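User: Could you take a close look at the cavities in this model for me? I'd like to know what lines them.

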Amino acid sequence: MSKMARITLWLIGLGLLISISLVVGIYLLSQNETADFGGSAKILKLELDAGLKDMPGSGSLLDDPESLPPLTTEVSQMLLDASTDNAISGLHINLSSLNLGWAQVHEIRNSIKTFVDSGKPCTLHTDALSNKEYYLASACSDIHISPNGIFLVNGLSVTQSYYANLFEKLDISANFAHVGDFKSAVEPYERTGPSEAASEATNALLDSLFGQLQNSIAEGRNLLNEESIALLDDPPFTPQAALESGLIDSLSYSDEILDPEADVIYSDRYLKKRRSAWQSNPNKIAIIHADGAIVSGDSGESMFGGQFVGDVSMKRYIRKAKDDDNIKAVVLRVNSPGGSGAASDIIWHELEELQAAGKSVVVSMGDYAASGGYYISMGSDFIFAQPNTITGSIGVFGGKINLSGLYDYAGVTQHTYKRGHFSTIFSEVHNFDDRQRAKYQDFLNGFYDVFITKAAEGRNLEKSVIHDVAQGRVWTGEQAIERGLVDALGGLSDALEKAAELEGLADYGIVRFPEHKTLLEIIIEDFSSSDDRESQLVQNMKYNLQLPESMRHTIDHAIMLERILDGHGAAVLLPGQLQID
């Protein structure tokens, strides 16, 4: 698209935005309501489904900023507020399949438990319960499932794909190196199965997560630990069997639970009130979201909607927080499996500069804060993780894939002219020779040493102590706190309270980065962009094919890895797609 065409479209879009903004503004003013809901105490009705996300994103053209879809952490905080709100007498949840990781589910579950522990009942209805959904539901007072619903609470598993046989068939050579006995991110490309160290780490991870699941079921359903383990090992597979085993309370349709005369307030209306309260205070704590794989450049989305955390975007958010006198502290919300070592270091440096400017940084770890995700967290003033957060993985790898055999098979021949022995070290048609491999290993060793040195300084531990729990090993938050890698177990609300405590704030408001953008703003940004790449919006529309989830994850991971290694630097990334189901 020509520059003139972009400018024309940008002007048209700007005119539309102004016109629509006026209409929406008038509409919102006409719809303004008082904060007081009036009447007797009400039942809060909450819908939880696959649309729930942890980070602000794009929305529709006519979004009301105060009526945006809820975030996981907003739902959690809303339920904590409701637990002490005399205007709320109970909670009713309609639960569908959740597209969340274990730590995000735990964050909501913990708030439900606080609500119930305050003496207020929580009923939940669903048509289907699998592991994560039941983990959340087990915090409720009463669990209802449709009579012909699906009950599939059957324990946990991790499946990894290995490509060595495929590479052999295609005559592709993997040239990777790593530091750390447990840094198994390269194993899928070099082996046909896991190493002993990788198996040890994954089994320990599963032991921790499975223990948390069965303990929560036992606690929520008043069972002995042995009983909850037995039910997970030989689970009921029908709603009727689940009812007989005590795992649910009733077989009911959704319209049979709440009294038609019940005084109900819907969560979107209640959340609007809570958002107004959270945002009204002039003293702000900024929540900066680092959600996705860490890369150089701007943040964005991958082919199938996965997120990238760009160091350029993060630098912009952190500097905005540093330069805004109303922002007193920052909570870094990390949901990242890691990525580029260089980009992670840039983000770490910007956070150090923010602290040097006198503003506290507290980390709230979500589902993942591993490898590069841990790198950007380790220098903060305080770190919170959930018990089932996946963190650690302090290690490094890098390398390349030699495609010369595949080119030969396709009939493409190549000839390389070179000057200097190391000129082909990153060539995609040459393997490492011994000298090149040794040189590259030295580079990775140097990065690993920097990683554990900075981690030791950030955590006030001896370097040898960090090395003992590093070497690429992955831990749950429950395990990480025992090893000094995090300070406490808790969620975003705990991190906000800690940041306020560090800055001596009696109360505070909240601002989030990245800020929510409407669909029209994204389109205008794209048209006014100086490069000619296809818009991310168009790419997602073009490529979001209906492939199996595991295949989408595999393709996304390959794209992510290619982008991270494209600069030939060190990668600080979790092994493969560590999906725990």
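**The cavities**

The largest cavity has a volume of about 40 Å³. A cavity here is a set of points, on a 1 Å grid over the protein atoms alone, where a 1.4 Å probe fits but cannot get out; its volume is the space filled by probe spheres set on the points, which are joined across faces, edges and corners. Bear in mind that this is a predicted model, where local features need pLDDT of at least 70 and side-chain atom pairs count only at pLDDT 80 or more, while totals for chains, interfaces and linings use all residues. Residues are numbered from 1 along each chain as its sequence is written, and side-chain values use heavy atoms, with hydrogens and water left out.

Around that largest cavity sit Trp102, Tyr135, Leu156, Leu209, Gln212, Leu213 and Asn388, each with an atom within 4 Å of a point. Helix α7 (residues 196-220) gives the largest share of this lining, 3 residues; helices are DSSP runs of H or I, at least four residues, numbered from the N terminus. By type, the lining has 5 nonpolar, 2 polar and no charged residues (Ala, Val, Leu, Ile, Met, Phe, Trp, Tyr, Cys and Pro count as nonpolar, Asp, Glu, Lys and Arg as charged, the others, Gly among them, as polar).

Note on methods: On a 1 Å grid over the protein atoms alone, a cavity is a set of points where a 1.4 Å probe fits but cannot get out, and a pocket is an open set with protein on both sides within 12 Å along at least five of seven lines; lining residues have an atom within 4 Å of a point. Helices (H or I, at least four residues) and strands (E, at least two) are DSSP runs, numbered from the N terminus.
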